[in-house]
Amino acid sequence: NHSNVEYQQKKFEKYFSKYNIKVIIGNFLKGIEGVAFDYSLKKNIKSIIVPHGTVSKYFNKYDKIYKKIIAQSLFNKEISYVMAQSKISLSYQKINQLDNFYKTGNIIFAHNNNFLNIKKFILYAVTMKDFRNMHFVGVESFYEYYENLKVFDKLARKYNFKFLIKLHPSISDSMTDLKNLFKNLFFSSSNINSLLKKSYASINYSSTVIEDSLCSKVPVILYDPQKRYKHCEVKSSDKEVVYLTNENGLVKHLFSLKNNALKQNKNYLINNNNPYQNIFTSIKKI
């Protein structure tokens with residue numbers, strides 16, 4: 001991997017030397033995009049990052065370390081503009097006193113205005129890491145994920161809930177096995193945008209699907225039976241996001257959400273524009 005990135009860096013520098021690059025735009029500060037951003041800093045080229053990732057304020061010393069690690073691949077103080085797509089990311093910017101954040105609203109997360117008449121699914125689409133990329137805070141372990149599927153399978157059988165499981169790419173090759181193990185769950189490899197159109201609730205832990213859901217006006221349940229990680233600040237009065245730690249609370253909340261569309265999302269979104277409006281407005285101002 002190191003040799004590959006080093007080779008890409010040499011190719012990039014050779015390519016850039018031929019052209020007058022005005023601006024570099026990307027989603028990550030690591031890997032091939034990290035090489036490009038590194039070059040932009042060396043040559044004083046304007047840089048814009050639109051983070052495909054989600055961080056928020058931290059709640060304890062371990063959470064602070066985890067979110068700092070995640071943030072390293074999403075932005076730093078030297079980038080010209082960091083596109084802040086939600087109030088969740090602004091809470092991280094505020095606590096860390098970063099002055100290069102630029103409020104844009106949603107640019108690259110899912111966005112749905114054309115809803116189906118009947119939204120019958122509960123979407124579960126969390127981030128899973130393979131062994132070499134595992135974090136011990138902020139990401140569900142394999143065992144936690146597996147136990148959640150057992151709970152959802154039981155609740156689907158008992159209450160006729162329709163849980164729709166979108167597997168993270170790192171475990172997508174396990175779909176056939178999981179289908180055989182959990183007969184009462186629905187599995188899909190479709191994109192998040194299409195799945196959110198069919199869902200009236202989204203259960204999550206720390207994934208970017210949290211912001212995909214909020215931008216699509218789908219309420220989010222942060223489900224944490226181990227009581228060890230809360231992704232973002234949740235107020236007791238919020239309808240958009242709730243933090244739950246047990247089955248009984250989950251069942252009660254799911255019944256309250258069924259066929260009850262989220263009308264607005266002012267506590268978490270910067271605006272209700274579609275991504276095209278936000279892109280046009282942001283680039284025009286910059």
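How do the residues of the lining of the largest cavity divide into nonpolar, polar and charged? In this predicted model, they divide into eight nonpolar, five polar and one charged. Here Ala, Val, Leu, Ile, Met, Phe, Trp, Tyr, Cys and Pro count as nonpolar, Asp, Glu, Lys and Arg as charged, and the others, Gly among them, as polar. Local features need pLDDT of at least 70 and side-chain atom pairs count only at pLDDT 80 or more, while totals for chains, interfaces and linings use all residues. Residues are numbered from 1 along each chain as its sequence is written, and side-chain values use heavy atoms, with hydrogens and water left out.

Rolling a probe the size of a water molecule over the atoms shows where empty space is left. A cavity is a set of points, on a 1 Å grid over the protein atoms alone, where a 1.4 Å probe fits but cannot get out, and lining residues have an atom within 4 Å of a point. Grid points are joined across faces, edges and corners, and a volume is the space filled by probe spheres set on the points. The largest has a volume of about 90 Å³; of the 14 residues lining it, Pro51, Gly53, Met83, Gln85 and Ser89 lie nearest its centre.

The second largest cavity holds about 30 Å³ of space, and its lining is made up of Gln9, Phe12, Glu13, Val35, Asp38, Tyr39 and Lys42. Two or more of these residues come from each of helix H1 (2-16) and helix H2 (31-42), with H2 giving the most, four residues. Helices (H or I, at least four residues) and strands (E, at least two) are DSSP runs, numbered from the N terminus. By class, this lining has three nonpolar residues, one polar and three charged.

Leaving out residues up to four places away in sequence, Phe75 is in contact (heavy atoms within 4.5 Å) with Leu29, Ile49, Pro51, Val55, Val82, Tyr92, Leu98 and Phe101.

Arg132 sits in the loop between strand E5 (121-124) and helix H5 (142-159). Arg132 is exposed, with a relative accessible area of 72%; buried means under 20%, exposed over 50%, and partly exposed in between (1.4 Å probe, protein chains only).

Notes: 1 Å grid on protein atoms, 1.4 Å probe; cavity = no way out; pocket = protein on both sides within 12 Å on 5 of 7 lines; lining within 4 Å.
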